[in-house]
There are 2 protein chains.
Amino acid sequence: MLQGLIVSIDAMGGDDAPAIVVDGIEHFLKTIGKGRKARFILHGDEAQITPLLKKCPETSSRIEIRHTELAIGMDDKPSQALRRGKGSSMWNAIQSVKDGEANIVVSAGNTGALMAMSMMILKRKQGVQRPAIAASWPGPDGMCVVLDVGANIDCNAAQLTEFAVLGEAYYRALYHVEQPRVALLNVGTEDLKGNDVVKAAHERLNESQLGLNYIGYVEGGDISMGGAEVIVTDGFTGNIALKTAEGTAKLIGTYFKEAMQGSLWSKFTTYLNAMALRRLKKKIDPRNANGGVFLGLNGIVIKSHGGTDKVGFSNALNIAIGLAESDFLEKIDDTLTALHDEDDNIGFIQ
Amino acid sequence: MLQGLIVSIDAMGGDDAPAIVVDGIEHFLKTIGKGRKARFILHGDEAQITPLLKKCPETSSRIEIRHTELAIGMDDKPSQALRRGKGSSMWNAIQSVKDGEANIVVSAGNTGALMAMSMMILKRKQGVQRPAIAASWPGPDGMCVVLDVGANIDCNAAQLTEFAVLGEAYYRALYHVEQPRVALLNVGTEDLKGNDVVKAAHERLNESQLGLNYIGYVEGGDISMGGAEVIVTDGFTGNIALKTAEGTAKLIGTYFKEAMQGSLWSKFTTYLNAMALRRLKKKIDPRNANGGVFLGLNGIVIKSHGGTDKVGFSNALNIAIGLAESDFLEKIDDTLTALHDEDDNIGFIQ
């Protein structure tokens with residue numbers, strides 16, 4: 001059996017699995033993960049995985065393959081996946097964490113199926129109504145985390161306050177910032193703005209004595225402009241905000257390419273500018289923010305984009321290992337208990 | 001009295017009013033509005049407006065000033081504005097349309113106050129539950145319109161279907177596209193995605209025989225990537241999506257500036273690249289998309305960004321005149337009647 005920090009991986013999840021998974025591990029071990037002690041359990045089809053290892057020497061020495069031929073399709077419904085998914089690469093990857101043989105799970109597979117299976121196998125943490133998906137987004141001075149970005153279409157105020165607590169602990173664990181600013185996403189910053197759910201969560205967080213650095217409301221523009229480190233919203237709004245930001249970055253990329261192709265002159269100067277542009281491209285590269293995290297379960301599940309490449313998958317592994325090395329899971333139990341004790345004391349019920 | 005197409009303007013609305021308003025008209029008449037026959041009624045403080053006209057010869061010959069000393073503050077609450085706003089520049093600007101002496105109103109003032117006053121003075125169109133604010137956003141092949149972007153925090157399905165009809169007619173009138181694609185903003189494109197309100201509106205629009213080119217759901221990324229011409233959502237989500245897109249564009253602008261300032265080499269080549277970059281900058285210039293439109297009232301009200309400059313205000317004037325010249329207001333009456341007849345026939349009640 002592998003020793004030390006172990007990452008359990010759904011090797012068959014993702015548009016181009018298992019190639020992207022094996023290449024992603026190799027890329028990680030040769031770049032940002034160089035020198036890290038992590039090892040990997042790969043759940044999936046041995047016949048497909050083994051040939052890929054030939055050109056991946058770093059990976060080969062640090063993995064153990066657990067063969068299964070069953071895989072969840074990218075378009076399978078969560079209910080189908082739950083009924084027929086037992087023994088699949090995704091199921092087994094989660095089960096490894098449940099059984100204590102791995103510290104964390106990573107999958108680039110179907111999000112709905114991964115959430116449904118994670119809830120069934122790992123179960124929600126005591127006191128958590130529903131887990132949330134937290135996504136990272138770059139800003140002018142570092143990353144911010146937005147949650148929920150799609151697990152919960154309708155949320156009540158108690159859920160939003162739980163997301164605030166989960167997101168804050170996650171940010172501290174991953175980015176080592178002691179007092180990240182926590183905010184609620186809203187259509188304005190005045191107290192009277194927003195719908196009833198947001199207003200109730202705002203009041204609850206304002207009254208809280210838990211020591212969160214809650215700064216109140218932020219607007220959509222603050223996601224990219226660094227208005228807060230932890231931005232809390234329901235899964236409907238969060239999903240749309242994140243995809244809107246991605247779409248805008250993509251549009252500007254298209255414009256930029258067009259502008260640069262305009263003339264021979266600009267082609268020449270673009271060549272000269274390559275260094276500066278590479279730096280720019282790296283900053284707005286969506287692969288750098290790859291890796292959504294399911295928060296609120298008895299175990300940590302990392303969801304990589306299904307369409308990512310080895311660089312993106314490698315970034316998801318980096319988040320996974322950073323979290324697995326932290327005390328996130330232990331700390332969050334105490335914080336959730338403190339939150340719900342406070343709920344009881346002030347009679348906050350949703 | 002002025003003859004022809006008349007635009008009624010709240011000269012005191014906006015962070016830098018009335019200077020930005022007068023300069024905006026002059027800029028419009030010298031650039032995109034060259035040769036247009038429009039004339040302007042300026043409601044505001046004559047003592048502040050008159051000196052500004054000295055360096056604006058085009059404007060001087062096409063305006064009439066209606067003096068008032070009362071102005072609505074950018075931070076006034078809508079309820080305050082309604083109680084104390086009678087006789088203000090904003091109020092009088094709207095009243096000019098109500099009285100039939102102007103075709104359309106433009107204000108860069110306080111959005112909440114402008115909406116409240118517009119509803120009080122112009123009244124909702126028959127059958128419209130609440131007016132919506134429609135905003136334009138650039139895409140790879142032209143503009144798209146998103147509504148509602150902030151007037152209605154909570155919406156029911158009947159409102160979303162009304163927004164679809166209003167937005168479609170608006171797009172046709174402004175951009176002269178016969179069958180713009182209409183879509184609902186959602187967290188995925190499958191029928192079963194989304195909350196109950198979105199699903200009910202989707203079913204209603206799918207069943208409709210009104211001849212809308214309804215294409216179903218689009219996601220956040222489609223706002224910038226040209227997934228539809230008319231994107232319908234509630235005011236909470238729409239406001240956050242639009243501000244998120246603006247924030248992302250701003251962030252990339254910051255990154256771009258940084259990348260370009262990195263070295264002497266890049267400074268030099270940036271100079272050479274100036275032409276291409278000017279084109280790029282023009283494409284992502286938020287001033288080009290300035291001008292939200294209040295739809296669903298007996299009259300058209302254009303809301304310019306409060307912090308815009310003369311170029312942005314000039315673009316708001318361009319939208320105003322384009323709409324005033326169209327048959328939007330007449331056509332929309334028929335379409336709303338047809339929609340509500342269909343509602344009655346199929347028993348659609350919200």
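This is a predicted model: local features need pLDDT of at least 70, side-chain atom pairs count only at pLDDT 80 or more; totals for chains, interfaces and linings use all residues.
**Ground rules.** Local features need pLDDT of at least 70 and side-chain atom pairs count only at pLDDT 80 or more, while totals for chains, interfaces and linings use all residues. Residues are numbered from 1 along each chain as its sequence is written, and chains are lettered from A and ligands numbered from 1 in the order in which they are written. Helices (H or I, at least four residues) and strands (E, at least two) are DSSP runs, numbered from the N terminus.

**Entry 1: helix 7 against helix 14, chain A.** I looked up how helix 7 (residues 157-175) of chain A sits against helix 14 (residues 328-346) of chain A: their axes come within 10 Å and cross at roughly 150 degrees. Axes here are lines fitted to C-alpha atoms, for helices over the stretch in contact, with angles from 0 to 180 degrees between N-to-C directions. That makes the two helices roughly antiparallel (the term is for angles over 145 degrees).

Next I listed who meets whom, where contact means C-beta atoms, placed from the backbone, within 7 Å. On the helix 7 side of chain A I found, among others, Val165(A), Leu166(A) and Tyr170(A); on the helix 14 side, Phe328(A), Ile332(A) and Leu339(A) are among them. By class, I noted nine nonpolar, two polar and two charged residues in this contact of helix 7 with helix 14 of chain A. Nonpolar is Ala, Val, Leu, Ile, Met, Phe, Trp, Tyr, Cys and Pro; charged is Asp, Glu, Lys and Arg; polar is the others, Gly among them.

**Entry 2: Phe163(A).** This residue is in helix 7 of chain A. I have Phe163(A) down as buried, with 34 other C-beta atoms within 10 Å; the cut-off for buried is 20 or more. Leaving out residues up to four places away in sequence, Phe163(A) touches Ala132(A), Leu147(A), Asp148(A) and Val232(A). I also checked Ala93(A), 70 residues away along the chain: its C-alpha is 25 Å from that of Phe163(A).

**Entry 3: helix 5, chain A.** Ala93(A) is one of the buried residues of helix 5. Helix 5 (residues 89-98) of chain A is mostly covered, with nine of its 10 residues buried. Its buried residues pack against several elements of chain A, including strand 1 (6-10), strand 4 (104-107) and helix 6 (111-122). Just after helix 5 of chain A, Gly100(A) has a positive phi of about 85 degrees.

**Entry 4: helix 7, chain B.** I found 17 of the 19 residues of helix 7 of chain B buried, so this helix is largely enclosed by the rest of the structure. His176(B) follows helix 7 of chain B, with a positive phi near 55 degrees.

Note on methods:
Angles under 35 degrees count as roughly parallel, over 145 as roughly antiparallel, 65 to 115 as roughly perpendicular and the rest as oblique. Two residues are in contact if their C-beta atoms, placed from the backbone, lie within 7 Å. A residue is buried if 20 or more other C-beta atoms lie within 10 Å of its own, exposed if 12 or fewer, and partly exposed in between; C-beta atoms are placed from the backbone.
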